[in-house]
Amino acid sequence: MIEPSGLDAGAAAGQAVVRADRGCVIWMTGLPSAGKSTIAETLAPALKARGERVELLDGDVVRENLSKGLGFSKEDRDINIRRIGFVAELLARNGVKVITAAISPYRSVRDEVRELVGDHFLEVYISTPLDVCEDRDVKGLYAKARSGALKGFTGIDDPYEPPLNPEIEIATQGETPEESAARIIDVLEARGYLDVP
Ligand SMILES: Nc1ncnc2c1ncn2[C@@H]1O[C@H](COP(=O)(O)OP(=O)(O)O)[C@@H](O)[C@H]1O
Ligand SMILES: [Mg+2]
């Protein structure tokens with residue numbers, strides 16, 4: 001018997017998104033220490049365990065290679081986000097589930113990336129409030145920013161513009177990273193990017 005192609009199988013099952021097209025960009029945005037990297041690092045292996053091709057583009061890692069040399073002016077932050085968006089789109093169009101974890105504080109450049117990626121762009125607002133993020137202060141940078149030793153820190157003396165219509169919003173306080181990742185998986189299933197087990 002000839003096996004149906006992924007495309008036919010998806011269409012036959014009446015799925016919203018057929019298998020060959022199931023790449024997407026899971027674009028996390030939020031304040032420093034909101035939980036973007038932690039959720040991304042929890043979500044990525046969970047998706048791989050379900051047989052998905054996954055790539056994680058973490059802002060801190062990208063700044064050490066693809067965006068090495070860029071600073072934190074608005075212009076440089078925007079260039080960094082455009083680069084992440086460009087790579088994310090290339091991967092997603094080839095069926096990869098791309099997870100990005102960068103602060104991406106400015107709405108206009110996030111919306112630019114949304115335009116570039118098209119339908120398969122899922123904006124995930126990690127909406128952990130500033131006081132919780134500041135208490136966590138994973139890298140000690142809020143303390144430095146408050147003391148004046150660090151200038152232009154998002155949330156303190158550089159703006160964070162929250163998404164107006166994110167596909168997913170996650171407030172991490174009071175839930176584990178696994179629970180947060182599971183909520184993203186629920187949306188991926190509901191939208192046809194993952195089979196419901
Ligand atoms: N539900 C949750 N999701 C993600 N992180 C959480 C959650 N609850 C608590 N945390 C903690 O919050 C911190 C988030 O740090 P990190 O992921 O590095 O933030 P970001 O990448 O957004 O700067 C970690 O110390 C993590 O353990
Ligand atoms: Mg991070």
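How close do the axes of α2 and α8 come, and at what angle do they cross? The legends below take this up for a predicted model, in which local features need pLDDT of at least 70 and side-chain atom pairs count only at pLDDT 80 or more, while totals for chains, interfaces and linings use all residues. Residues are numbered from 1 along each chain as its sequence is written, and chains are lettered from A and ligands numbered from 1 in the order in which they are written.

**View 1. The crossing of α2 and α8.** The two axes (lines fitted to C-alpha atoms over the stretch in contact, with angles from 0 to 180 degrees between N-to-C directions) come within 9 Å and cross at roughly 60°. α2 and α8 are therefore oblique to each other (under 35 degrees counts as roughly parallel, over 145 as roughly antiparallel, 65 to 115 as roughly perpendicular and the rest as oblique). From α2, Thr38, Ile39, Thr42, Leu43 and Ala46 make the contact, meeting Pro177, Glu178, Ser180, Ala181, Ile184 and Ile185 of α8 (C-beta atoms, placed from the backbone, within 7 Å).

**View 2. The shell around ligand 1.** Look here for α2 (36-48) and α8 (177-190), each supplying at least two residues (helices are DSSP runs of H or I, at least four residues, numbered from the N terminus). The largest share, 4 residues, comes from α2.

**View 3. α4 beside α5.** Helix α4 (residues 74-93) and helix α5 (residues 107-117) have axes that come within 10 Å and cross at roughly 20°. That makes α4 roughly parallel to α5. Among the contact residues are Ile81 and Ala88 of α4 and Val113 and Leu116 of α5.

Key:
Two residues are in contact if their C-beta atoms, placed from the backbone, lie within 7 Å.
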